[in-house]
Amino acid sequence: MRRLLPLLLIAASPVIADHNWDHRNIDAGRSLYADQCAACHGANLEGQPDWRTAGLDGVLPAPPHDGTGHTWHHDDQLLFDYTKYGGQITLEAMGIADFTSGMPGFEGTLTDDEIWDTLAFIRSTWTDREREVQASRNPPH
């Protein structure tokens, strides 16, 4: 499976490239976030305490998804892949082997549309500037 993931990520690119934030269900995303994400990332997207300091196991705590975190620094595809496949698998597919991620994958738990709705909810909480910066990280369509 790990050898196939880079191919799966590439195969998913056209679908992701055509994704339009304007057609997402932010209310559904808010509910999905509360059910699937808030236990680690906080009910108010605040993340876990000391999220920049790795624990004894070398894993960083869950970061905030509000403007104080770094979620808005990443392009759409990375956010989607990180959520669907999990942090470690996504990082390994990118060739990043010196970082341990505790982010689980939600493939099999959430549909692609539910992942996009959840990300759209998170994105809706950012300032206009944060959304503009994040949008600039995406390749042109």
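This is a predicted model: local features need pLDDT of at least 70, side-chain atom pairs count only at pLDDT 80 or more; totals for chains, interfaces and linings use all residues.

Tutor: Residues are numbered from 1 along each chain as its sequence is written, and side-chain values use heavy atoms, with hydrogens and water left out.

Student: Why is Tyr33 called buried?

Tutor: Buried means under 20% relative accessible area, whereas exposed means over 50% and partly exposed lies in between (1.4 Å probe, protein chains only). Tyr33 has a relative accessible area of 2%, so it counts as buried; Phe121, with 8%, is therefore buried too.

Student: What makes helix 4 largely enclosed by the rest of the structure?

Tutor: Helices (H or I, at least four residues) and strands (E, at least two) are DSSP runs, numbered from the N terminus. Helix 4 covers residues 76-85, and eight of its ten residues are buried, so the rest of the structure largely encloses it. Among those buried residues are Leu78, Leu79 and Phe80.

Student: How many aromatic pairs does the structure hold, and why is the pair of Trp21 and Trp116 called edge-to-face?

Tutor: The structure holds three aromatic pairs. Rings of Phe, Tyr and Trp (its six-membered ring) pair if their centres lie within 6.5 Å, and planes under 30 degrees apart count as stacked, over 60 as edge-to-face and the rest as tilted. The ring centres of Trp21 and Trp116 are 5.4 Å apart and their planes stand at 80°, so this pair is edge-to-face. It links distant parts of the chain, 95 residues apart, with Trp21 in the loop between helix 1 and helix 2 and Trp116 in helix 6.

Student: What makes the link between the side chains of Ser101 and Tyr82 a polar contact?

Tutor: A polar contact is a pair of N or O atoms within 3.5 Å; within protein, one must be able to donate a hydrogen and the other to accept it, and residues adjacent in sequence count only if both atoms are side-chain atoms. The side chains of Ser101 and Tyr82 meet this at 3.1 Å. Ser101 itself, at 13% relative accessibility, counts as buried.
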